[in-house]
Amino acid sequence: ALLVFSLQTGRIDKSYPTVCGHTGPVLDIDWCPHNDQVIASGSEDCTVMVWQIPENGLTLSLTEPVVVLEGHSKRVGIVAWHPTARNVLLSAGCDNAIIIWNVGTGEALINLDEMHVDMIYNVSWNRNGSLICTASKDKKVRVIDPRKQEIVAEKDKAHEGARPMRAIFLADGNIFTTGFSRMSERQLALWNPKNMEEPIALHEMDTSNGVLLPFYDPDTNIIYLCGKGDSSIRYFEITDESPYVHYLNTFSSKEPQRGMGFMPKRGLDVNKCEIARFFKLHERKCEPIIMTVPRKSDLFQDDLYPDTAGPEAALEAEEWFEGKNADPLLISLKHGYIPGKNRDLKVVKKNILDNKPAANKKSDLINAPKKAADASNTQNEAKLDEILKELKSIKDTITNQDERISKLEQQMAKIAD
């Protein structure tokens, strides 16, 4: 299962509703950049599921995904939404295949199953989603054009060590990688995909075995490196001048991190000069870590908050699959981010029966109103069922609370006696 709740502090009740549709452990999740209510999950059960979280959060456990995407033959360890095209989702599995889905129709439109001969460690889209880069167990970093289904560039032994690598695209099109040297020292490197013979920069950091997970902010060009099992976050600025990767500082804490999450820019508090917020996973809790730039003025700081990627998609899925590219649509954070209304994710499965011969057109026209009425009746019934379920859960809660109150009253009476 996965747990989705509003940002809050304190313990979460054991009976809190979960999102539970997978039959195996969930290995990766990714919030949709164009709809704050939609989340995708990849699992050991070889499927990808896309979920619509109700606007006001969960009151009952969610067991029905909007769509189940089946196409991998082994567990799915990576899911990543397209940065600019609506309803385009990438998944990568232990079958060494990358599948790109049109979530709006529930179809696999691109299957890259012969490019990787070994396990894929991570996949990253570039700024406009025209290319992807991957890091693999065979020590290669590949740059792939998914629509042409060809490898544009690759580097063998980007890092010589046997431990896992990570590779991400930067806003300027360069690639940033983390990995290990032959002597098991942790390394970071910067590459130009047009010439991957030699790195633009290569730095050795320390000898720890935690894999370095990079989190990148394209607005400030800062990369935060969180080592798995480390208790620190190091951050670097990427510039056009030597040494290209500039060390800024280290945030240290006492407890090691099991994993990390990264808040999108529009979720930050611009009045407090917050430039990054992490969610650090401990063994038993999730802790927010807030990075702020100390400024005396209360005014909006333009240099810290250039226009950032907004929630509106620049392209529809069909346009991207046809070959169009578009940069993210930017928004200003000057007056803070006010979330708009999210539209529901609708999946229209393509039906073979839709391609009927033209002869049936007349009868179709006669049946159309009847079909529409049937559809709206079904929708109304579903809504009614939902409302009745909610009412039942509210009644149950009230009954439980009544019982609890009467028990407490009895205990109080005993104490008073």
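## Strand β18 and its partners

L212 has G227 of β18 as its bridge partner. In this predicted model, that bridge belongs to the antiparallel pairing of strand β17 (residues 212–217) with β18, which runs over 6 bridges. The hairpin of β17 and β18 has 4 residues between the strands, and N221 takes a positive phi near 60 degrees there.

Strand β18 also pairs with strand β19 (residues 232–238), again in the antiparallel sense, over 5 bridges. Within this pairing, L225 is bridged to R234 of β19. A hairpin is formed here too, with 4 residues between β18 and β19. G229, in the turn, has a positive phi of about 85 degrees.

Is R142 buried or exposed? R142 counts as buried because its relative accessible area is 3%, under the 20% cut-off. The residue sits in strand β11 (residues 141–145). Its side chain makes a polar contact with the side chain of D138, at 2.6 Å. Leaving aside neighbours within four places in sequence, R142 is in contact with M115, H116 and V117, with I132, C133, T134 and S136, and with I151, A153 and E154.

E198 lies in the loop between β15 (186–191) and β16 (201–204). With a relative accessibility of 59%, E198 counts as exposed, because the cut-off for that class is over 50%. E198 and L3 are 195 residues apart along the chain, and their C-alpha atoms are separated by 43 Å.

## The second largest pocket

The second largest pocket holds about 1,400 Å³ of space. Its lining comprises 29 residues, and those nearest its centre are Q52, P54, L62, D344 and E386. Which element gives the most to this lining? Helix α2 (residues 361–416) does, with 9 residues. Sorted by class, the lining of the second largest pocket contains 10 nonpolar, 9 polar and 10 charged residues.

## The cavity

Rolling a probe the size of a water molecule over the atoms shows where empty space is left. A search of the whole structure gives 1 cavity of 30 Å³ or more. The largest cavity has a volume of about 30 Å³.

Which residues line the largest cavity? They are Y121, S136, K137, K139, G161, A162, R163 and M165. This lining divides into 3 nonpolar, 2 polar and 3 charged residues. One of the lining residues, S136, is also in contact with R142.

## The chain as a whole

The chain has 2 helices and 25 strands. Of its 417 residues, 41% count as buried. Taken along the principal axes, the C-alpha atoms fill a box of roughly 85 × 65 × 45 Å.

Among the contacts in the chain with a separation of 6 or more, 46% are between residues 24 or more positions apart.

Definitions and conventions:
Residues are numbered from 1 along each chain as its sequence is written. This is a predicted model: local features need pLDDT of at least 70, side-chain atom pairs count only at pLDDT 80 or more; totals for chains, interfaces and linings use all residues. Side-chain values use heavy atoms; hydrogens and water are left out. Buried means under 20% relative accessible area, exposed over 50%, partly exposed in between (1.4 Å probe, protein chains only). A polar contact is a pair of N or O atoms within 3.5 Å; within protein, one must be able to donate a hydrogen and the other to accept it, and residues adjacent in sequence count only if both atoms are side-chain atoms. Contact means heavy atoms within 4.5 Å. On a 1 Å grid over the protein atoms alone, a cavity is a set of points where a 1.4 Å probe fits but cannot get out, and a pocket is an open set with protein on both sides within 12 Å along at least five of seven lines; lining residues have an atom within 4 Å of a point. Grid points are joined across faces, edges and corners, and a volume is the space filled by probe spheres set on the points. Ala, Val, Leu, Ile, Met, Phe, Trp, Tyr, Cys and Pro count as nonpolar, Asp, Glu, Lys and Arg as charged, and the others, Gly among them, as polar. Two strands pair if DSSP finds at least two bridges between them.
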